[in-house]
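Hi,

Here is the structure I promised to pass on. Please have a look at it first, and then read on for what I found.

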Amino acid sequence: MSAAIWKILIILTLTGSIHCGKVLVFPHDGSHWVNMNILIQELHNRGHNVTVIRAADSWYIKEQSPYYHSITIDFSVGVDKAFYRTFISRQLEGRREGKPFWTRISLEMEMGAMFSEMHRNMCEMIIRIIEDQKLIKSIREADYDVMLTDPANGGGVVLAHFLNLPLVFNVRWTVHGEAHFAIAPSSASFVPFPLSMLTDKMTFFQRVYNVLFHLRLYFYKGIVGPHYSALCKRYFGPDVDYFELFQAADIWLMRVDFVFEFPRPTMPNVVYMSCFQCKPAKALPDDLQDFAENSGEHGIVVVSLGTLIGKLPDDIANEMAAALAKLPQKVIWRYTGKKPSTLGNNTLLRDWLPQNDLLGHPKTKLFVSHGGTNGILEAIYHGTPILGLPLVFDQHDNLSRMKGKGVARVIDIATLNQNMFLEAIQEVINEPSYGINMKRLSRLSRDTPIEPLDNAMFWIEFVMRHRGAAHLRTESYKMPWYAYHSVDVVVFLLSVASGTVFLIFALVQYVCCKSCKKKRVKQD
């Protein structure tokens with residue numbers, strides 16, 4: 001090899017290392033980690049050094065990985081899969097049996113108590129990190145360029161402020177709710193509040209309902225707020241408001257876009273990267289490929305209700321299986337429960353599915369889904385219409401959006417029977433509008449000037465290069481509420497207007513009185 005080529009290789013190597021940064025990641029466990037891990041892998045592939053802070057009892061965040069180094073905190077956040085699965089089962093049972101409204105409220109309060117405990121534990125974990133002098137010293141000495149975190153918990157936000165690191169969010173939800181409501185103007189007249197299951201076209205009474213639904217935001221603030229407020233007061237003093245730390249993030253990498261969302265105001269530091277986790281379909285494993293190919297002209301139906309619902313009550317599973325057995329399509333169902341007694345020969349059960357690859361398979365006609373964001377975005381990307389069976393959390397709202405866009409039908413799994421289920425499947429498969437509308441969303445989603453993952457990488461690296469993005473960040477969150485909503489300006493202008501009217505009235509009255517007095521004098 002010539003000396004010139006060696007010089008070029010050395011220059012390229014040095015150039016690559018110069019632009020590589022150090023990224024500290026404070027993730028959120030569960031399905032959120034699936035998204036974060038994709039960003040981490042891409043950062044690693046681009047030469048960045050990534051370190052992930054994890055609790056010892058993490059569900060999915062492994063201690064060993066080829067893509068990142070880990071800092072394991074010997075601490076239990078205290079929420080496991082069993083709680084969620086039990087809670088979801090109880091919610092489903094309550095809906096099926098038509099239990100009183102107050103019973104459902106009680107379940108909601110129980111979930112709130114669990115969230116409160118989880119965030120209290122998160123704050124305790126941050127205290128343990130900060131007060132471990134050896135650990136916090138090593139973190140400081142690592143000289144990280146940026147903190148990447150999921151604000152579904154506030155641990156990364158507080159730690160980034162303590163370490164004085166620029167902050168990038170991988171976000172759709174914060175500890176308070178949907179992320180836009182924490183940073184962007186969100187008029188209740190045309191911005192539906194999450195979980196209200198409204199669209200951006202509301203009647204008067206729907207707008208009333210939307211305003212009232214806004215009050216849920218304060219419920220969640222009341223649950224998690226005291227824990228993070230106490231944490232901030234402990235380390236930053238009484239003048240630092242924890243909610244302002246969220247609003248001060250440099251870049252918000254938003255996991256949705258306006259193919260999924262309804263149009264609404266946004267901010268210049270919100271970067272939309274919807275479908276960044278979606279990829280062209282790869283070849284299926286041999287058994288699934290043979291199964292799909294043998295479906296003939298009818299194609300296949302993919303059924304998956306997410307990682308937290310591996311099984312259903314026997315009677316519901318049997319009703320679903322009986323309906324699926326009557327289809328001319330082949331069915332691939334992710335299910336870990338007891339084999340339904342009514343399962344047909346056309347249905348294949350699997351513990352795990354390559355969901356993205358199945359949704360992108362040309363034989364796939366329908367996706368039966370619980371309505372998780374990841375699955376919905378994959379369905380949009382591949383143009384596969386949806387039959388929704390929402391269970392909990394944001395799933396009802398996600399599917400309501402898809403129903404509003406004409407790409408999904410939604411039924412209540414609590415009242416499901418085989419006739420209803422079969423009729424809904426046949427409608428979505430046989431009614432052309434569902435497929436046509438979803439193909440249109442797919443074209444819109446893919447028609448972007450830059451790939452979503454590349455866009456996300458650019459902005460993370462932008463923050464590293466410039467130590468933040470203050471020029472894109474509004475300072476409006478520092479304003480008191482009456483100034484933000486111009487209440488003080490309105491009061492001032494009304495006062496001036498009222499004073500002017502009063503002066504004019506007084507002047508007219510004075511002139512009139514003077515005139516009357518002159519007339520009396522002349523008459524006398």
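Among contacts with a separation of 6 or more in the protein, 65% are between residues 24 or more positions apart. Please keep in mind that this is a predicted model. Of the 524 residues in the protein, 50% are buried. The accessible surface comes to about 25,700 Å², and carbon and sulfur atoms hold 58% of that.

Phe204, Phe205, Val208, Leu212, Leu215 and Tyr218 together make a nonpolar patch of about 700 Å². Which helix gives the most to the nonpolar patch? That is helix α8, residues 204-213, which supplies four residues. Phe204 is one of the residues that lie in this helix.

Helix α12 is also worth a visit. Helix α12 covers residues 314-325, and its 12 residues reach 16 Å from the first C-alpha to the last, close to the 16 Å expected at 1.5 Å a residue. Its buried residues are Ile316, Ala317, Met320, Ala321, Ala322, Ala323 and Leu324. As background, residues three or four places apart on an α-helix point the same way, because there are 3.6 residues a turn.

Finally, a note from a record: an unreviewed UniProt entry carries the annotation "transmembrane region" for residues 489-512. In the model, that span is 100% helix and 0% strand, and the C-alpha atoms at its ends lie 34 Å apart.

Happy browsing, and do write back with any questions!

Best wishes

How values were computed: Residues are numbered from 1 along each chain as its sequence is written. This is a predicted model: local features need pLDDT of at least 70, side-chain atom pairs count only at pLDDT 80 or more; totals for chains, interfaces and linings use all residues. Side-chain values use heavy atoms; hydrogens and water are left out. Patches are made of residues with over 30% relative accessible area and no salt bridge: like charges are joined within 9 Å, nonpolar side chains (Val, Leu, Ile, Met, Phe, Trp, Tyr) within 5 Å. Accessible areas come from the Shrake-Rupley method with a 1.4 Å probe; for residues, only the protein chains shown count as cover. A salt bridge is a side-chain nitrogen of Lys or Arg within 4 Å of a carboxyl oxygen of Asp or Glu. Helices (H or I, at least four residues) and strands (E, at least two) are DSSP runs, numbered from the N terminus. Buried means under 20% relative accessible area, exposed over 50%, partly exposed in between (1.4 Å probe, protein chains only). Contact means heavy atoms within 4.5 Å. The expected span of a helix is 1.5 Å times one less than its number of residues. UniProt positions are given in the numbering used here, feature names are shortened, and annotations may be inferred rather than shown by experiment.
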